[in-house]
Each structure stands twice: as structure tokens, then as C-alpha cells.
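Good morning, colleagues. Please look at the display as I speak.

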Amino acid sequence: MHHTLLIIGAGASGLMAAVTAKDLGIDTAILEGNDRIGKKILVTGDGRCNLTNTSTASGTDETAALSAKFHGNRPGFPVKVLEQLGVRETMDFFYSLGLPLTHLKEGMMYPRSLQAASVTDIFELAMEEREVPVYLQHKVVEIAVSDGHPRFTVRCHTEAEEQAVFTCDFLLIATGGLTAPHTGADGSGYTMAERLGHTVVDTVPAIVQLKVQYPHLKALSGIKLQGRAHILINGEIVRSESGEIQFTEYGLSGPPILQLSREASVHLGRGDAVSVAVDLMPGRTEEEVVDFLDMHWGIFGHRTVADSFIGILHKKLTPVLLKEAGIDKQPNLLCQDLSWRAKAIFYRILKHWEFKVTDTNGYAHAQTTAGGIDTAELADGTLESKLVPGLYFAGEVMDVDGDFGGYNLQWAWSSGYAAAKAVAESMKQKDVSI
Ligand SMILES: Cc1cc2nc3c(=O)[nH]c(=O)nc-3n(C[C@H](O)[C@H](O)[C@H](O)COP(=O)(O)OP(=O)(O)OC[C@H]3O[C@@H](n4cnc5c(N)ncnc54)[C@H](O)[C@@H]3O)c2cc1C
């Protein structure tokens, strides 16, 4: 079976590429290992699919602001892709497919139905309407390149354990990363690219919960609080994020932690000392916290220390704080009898409660993969391989990962679009008939 363009992977980036390519008149087909399209899309945004984020879409240089949300060895690499399809164009694209969107908080956009299945359903319709062949349960295991025609020969394992062979003139690898392996992500895209000569930048899980070493974690588990979290690498704060921080039985979670996790993951891999410091009173400076507590303990000196925290801290935090201050065995200790040492511990913990990070929760629980195909080997803006002309990449498989909040899907849409457009452009230049 021959197609002009074959796309490996019917995830977010592959689906966007297929719609774009077909609309540009290219004979396109998708090879997908799963028995359905967009399996990972279904689990995004807690089943609601946070498909982009409008926070960066109002300044003077929207692309620069959006690009700052992405990470990788070449920080400027996403710019030329994002300027082709940014946030507004992405929203217009979904409206054009007939999928209305809605905004929940902090610029996060979702399908109006708040169901991720609406996104896969709309892509299914789009494929049917455009008559794009989608070969499900076709797991690509081998790619051969020739200087003649056809350029690429692609071998697949099918459901019936048979081999299926396809050929194409242009090939797009959109196989995703390593997160949520039950959705089909197994890193096979990296292996195939490496066999074709590409380099894979070391991968680590990102947007993931952090495991910490702390003796009283069990007592803290389940607490959710609004605060600010700082990530410290070898003792230096490198990034800070605010929002709902969650304590779990293994460590820390919640949007600020997920946002900081990339730094943790990368630096743990390098053997650096990584810790997270939680600020329980981000609205006040250290001096203000000291003044506030001193005044509070002064007014309510007759109350027990435990009672003095009522309404200030989550109730489950108090016993742990008393342990930290070494006064948990003195339940009747009054505020007026608090030692300077214990007070100093409370001041510190409220502003800078530091936890040693030992690990992340791994790919199974991560939302994205940091690292991947080295973007130095890809042409800026077209995503074509500099090593194998005619070969393109899109989505998470590349060494580009986005922040929490809809940016990884944005990268999938933008890069799928850019790669498909580049194929059309290349055909035009080579005067290949479509
Ligand atoms: C739990 C979770 C929640 C998330 N929530 C959000 C969110 O709300 N917002 C956001 O922006 N991002 C979110 N993400 C990240 C986002 O889903 C991914 O970054 C994005 O889906 C990547 O798209 P992709 O097309 O590159 O890869 P994928 O969506 O992973 O698609 C790759 C496809 O390729 C197929 N494939 C792989 N190898 C082969 C092969 N050899 N042959 C044939 N097919 C193959 C796979 O089966 C898969 O269908 C979340 C991720 C997870 C795990």
C-alpha cells in the first residue's frame, strides 16, 4: 500500500497533521498501534482535555510569550513552529472542525462539553469526512529508507500478528513520549529514529508528582493548601510557583509541584541535591509572619499552642508542626510559655518548609516527557530531519516539553500542523504531484 504521506501515531500531533495534510490535498494515511485513535487525549485534563491556554495570547509578542512555556536543549526552537499555529489559530481550528470551546481558569481551554472524548470524536469525524485511512492496530516496527522510489518502506505488526508493509514519499513520526504507557506510549519512536541516525536527548518524566523524604508524611497525607512552592537545586531557588499544594502519602502534588517537577526530574538525573520549600503564607514577608505570630501569641497567650493555630493552618498540620518544634509531648503548653527556639521553628516552617526530593512518581503518572529527538537535527519551523530528507517529527517525541496548563497539547497541535504544511511546501518545491 502506498501513500504520499504516512503518519505514525494517531495521537494529538498525528491527528492534527493528518487533517492539515489532507486539507492541503496530500494523500495521507495514519498507522496507529492502538485499537482506537487519541487514547492519550482521553486521559488529558482529568478526562476533560485542557487543549490549550490563552494566558499568553494577549500581549504584544504572543509567540515569544507562548514559546517561553516550552523547554528543551534548544529553547528558541519552538518559536518558528508556534508562529505558524499559535493559541488563537488552534482555537479557530477546533471551531472549524465544529468543536466549541470553553474556558475554566487561568486561561485553560477545554471542549465545551468538558469531555475529552469530544476531541477524539471530532477527530474521528474529521478523518471520516476527509476519507483519511486510519490503520488501527498497526504497530510500526521498522522503517527502511531508499534513495530511489518509494523513499520509505514501513513495516507494521498487525492485530493478526501479521506483517503489513506500507510505502510512502514522506514520513512523519508522531509516536509521543514515554508517559502513561497504557495509552500506547512505549518509546518506539525514539528507537526507530535512532536507527535512522538521530540522537535522543536523555528523557525524564515531567509534570509529575514528587516523592520526598519526610518522617511525618503519613500524617500530612491528604492535606491541600494554597501556598507557594520553590524548587531548590543544590540549595538555590531556581523556580517558584503558586497554587494548591497537595500532600500525599509519598510526597507532594498539585499544580505548582507539577509545574516545578521538570527541574526536579532533570537535576535528580544529574545527581544534584533537589528539594522543595513550601511557603504556607505567601502573602506575607518573613518579618510580617514573625510580627503576626508574635502578636497573635501575645493576645492569646493563655491558649495552648495547638489551639493558637486554629483558623491559621489546616488542622492536620498542627500536630506535625508541634512535632517539628519538639513540643508534641506537651499538649497543655501555653503560648505565653513558648520558647524562642520553638517560635523560630514555627516562623521558619510557615515561610520555608523544606522537603528533600528523592524521586518523581515516574512515567506512569507523568503528563509529559522531557528530552527526546534532538532538535538540533531538525530544520527550524519545518521539523524535517536534517539527516533523512522527507522524514518529519511532531509532538512529544521531540526534545520539547511544555508547562502544565494545556501547553503540551498546544505543542502537539502546532508541530503537527507545521510538519504537514512543510510536507506540502516540499512537494510544491519538488513539483511532486499530490
Ligand atoms: C494523564 C495525562 C494528562 C495530560 N493532560 C494534559 C492536558 O490537560 N493538557 C495538555 O496540554 N497536555 C496534557 N497531557 C500531555 C499530552 O497528552 C501529550 O503531551 C500529547 O498527547 C502528546 O501528543 P503526541 O501526539 O505527541 O503523542 P501521543 O498523544 O502519545 O500519541 C502518540 C500515538 O502514537 C502511537 N504510537 C506510538 N508508537 C507507535 C508505533 N510504533 N506504531 C504505531 N503507533 C504508535 C501511540 O499509540 C499513540 O496513539 C497529559 C498527559 C497525560 C499522560
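Predicted model: local features only at pLDDT ≥ 70, side-chain atom pairs only at ≥ 80, totals over all residues.

Asn 53 has Met 108 as its bridge partner in strand β6. Within the open sheet of three strands, the order is β3-β6-β5, with antiparallel pairing. Strands β3 (52–53) and β5 (101–103) are at the edges and have a single partner strand each, so one side of each lacks a neighbour in the sheet. As a general point, strands of a sheet pair through backbone hydrogen bonds, either parallel or antiparallel.

Let me turn to Thr 167, which lies in strand β10, residues 163–173. Is this residue, Thr 167, buried or exposed? The relative accessible area of Thr 167 is 16%, and the cut-off for buried is under 20%, so Thr 167 counts as buried. Its side chain makes a polar contact of 2.8 Å with the side chain of His 2. Leaving aside residues up to four places away in sequence, Thr 167 also touches other residues, including Met 1, Leu 6, Pro 150 and Phe 152.

Next, strand β11, which spans residues 200–206. Five of the seven residues of β11 are buried, and the strand is mostly covered. Strand β11 pairs with β18, residues 368–373, through five bridges in the antiparallel sense. Within this pairing, Val 204 has Ala 370 in β18 as its bridge partner.

The assignment for the protein chain gives domain 1 as 2–205 + 367–430, and domain 2 as 209–361. Nine residues of domain 1 and eight residues of domain 2 take part in the contact. Taken over C-alpha atoms, the centres of domain 1 and domain 2 are 40 Å apart.

How much area do domain 1 and domain 2 bury between them? The value is about 720 Å², with 52% of it on carbon and sulfur atoms. On the domain 1 side, Val 204, Pro 205 and Phe 404 lose the most area to domain 2, and together they account for 60% of what that side buries.

Finally, the polar side of this contact. Two salt bridges are counted between domain 1 and domain 2. There are also four residue pairs in polar contact between domain 1 and domain 2. As for individual salt bridges in the model, Arg 262 forms one with Asp 401, where the closest N and O atoms are 2.6 Å apart.

Note on methods. Residues numbered from 1 in each chain as written. Heavy atoms only, no water. Buried < 20%, exposed > 50% of the residue type's maximum accessible area, 1.4 Å probe, protein only. Helix = DSSP H or I, 4+ residues; strand = E, 2+ residues; numbered from the N terminus. Pairing = 2+ DSSP bridges. Domains from an automatic or database assignment. Contact = heavy atoms within 4.5 Å. Buried area = accessible area lost by both parts, 1.4 Å probe. Salt bridge = Lys/Arg side-chain N within 4 Å of Asp/Glu carboxyl O. Polar contact = N/O pair within 3.5 Å; in protein donor to acceptor, adjacent residues only side chain to side chain.
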